[in-house]
Amino acid sequence: MMIKDIVKKLLYKERTSSQTYIDYMRKNGAKIGQRVTIFSPKTTNIDMTRPWLIDIGNDVQITEGVTILTHGYDWAVLKGVYGEILGSGGG
């Protein structure tokens, strides 16, 4: 392994490459199909708070700057309307 690759792995960890990011998500419970590519894993944000809710099919290409959430924005809307509320995280 070249020094450049070692430094990249230390800096970006699971986001070093498309494959390392996909392997990380699968290991944590996400369902990811075959032939999936994440073109820019360093700028792609996939919410891993509930990885069992992530289901990405086959032949998917995810481009730079994409955000995938495992929750909705509904709690923030309700909080704005009704004040402090407890969401699924409890706090």
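At 6% relative accessibility, I62 counts as buried, a class that covers residues under 20% relative accessible area, with exposed meaning over 50% and partly exposed in between (1.4 Å probe, protein chains only). I62 lies in strand β5; strands (E, at least two residues) and helices (H or I, at least four) are DSSP runs numbered from the N terminus. The model is predicted, so that local features need pLDDT of at least 70 and side-chain atom pairs count only at pLDDT 80 or more, whereas totals for chains, interfaces and linings use all residues. Residues are numbered from 1 along each chain as its sequence is written, and side-chain values use heavy atoms, with hydrogens and water left out.

Residues I62 and I38 are separated by 24 residues in sequence, yet their C-alpha atoms are 4.8 Å apart in space. Contacts, defined as heavy atoms within 4.5 Å, join I62 to T37, I38, F39, T44, I56 and I68, residues up to four places away in sequence not being counted. I62 also belongs to the largest nonpolar core, which has 11 residues: Y21, I22, M25, A30, I32, V36, I38, I46, I54, I56 and I62. Such a core is a set of buried Ala, Val, Leu, Ile, Met, Phe, Trp, Tyr and Cys residues joined through side-chain atoms within 4.5 Å. Helix α2 gives the most to this core, with three residues. In soluble globular proteins, nonpolar side chains tend to be buried together.

Helix α2 spans residues 18-27, and its buried residues are S18, Y21, I22 and M25. Viewed down the axis of α2, these buried residues fall within an arc of 95° and so line one face of the helix; the arc is that of the directions from the helix axis to the C-beta atoms. An α-helix has 3.6 residues a turn, so residues three or four places apart point the same way. The partners against which the buried residues of α2 pack are the strands β1 (31-32), β2 (37-38) and β3 (45-46). I22 is in contact with I32, V36 and I38 when residues up to four places away in sequence are not counted.

S18, in helix α2, is buried, with a relative accessible area of 17%. Its side chain reaches the backbone nitrogen of I38 at 2.8 Å, which falls under polar contacts, that is, pairs of N or O atoms within 3.5 Å; within protein, one atom must be able to donate a hydrogen and the other to accept it, and residues adjacent in sequence count only if both atoms are side-chain atoms. Apart from neighbours within four places in sequence, S18 touches V36, T37, I38 and P41.

After α2 comes G29, with a positive phi near 110°. N28 is placed in the loop between α2 and β1 and, at 35% relative accessibility, counts as partly exposed. With residues up to four places away in sequence not counted, N28 touches M48 and P51.

R15 is located in the loop between α1 (3-12) and α2. This arginine is buried yet has no salt bridge, and the nearest side chain of opposite charge, E14, is 4.5 Å away. For charge, Lys and Arg count as positive and Asp and Glu as negative, while His and the chain ends are not counted; a salt bridge is a side-chain nitrogen of Lys or Arg within 4 Å of a carboxyl oxygen of Asp or Glu. A polar atom of the R15 side chain lies 2.5 Å from the backbone oxygen of T44. Contacts of R15, without residues up to four places away in sequence, are made with T20, Y21, P41, K42, T44 and N45.

One salt bridge is found in a search of the whole structure. It is formed by R35 and D59, whose closest N and O atoms are 2.6 Å apart. The pair links distant parts of the chain, 24 residues apart, with R35 in the loop between β1 and β2 and D59 in the loop between β4 and β5. Strands β4 and β5 comprise residues 55-56 and 61-62. Both R35 and D59 are exposed, R35 having a relative accessible area of 57%. R35 has a positive phi of about 60° although it is not a glycine, and D59, also not a glycine, has a positive phi of about 60°. Side chains of opposite charge can pair when their charged atoms come close.
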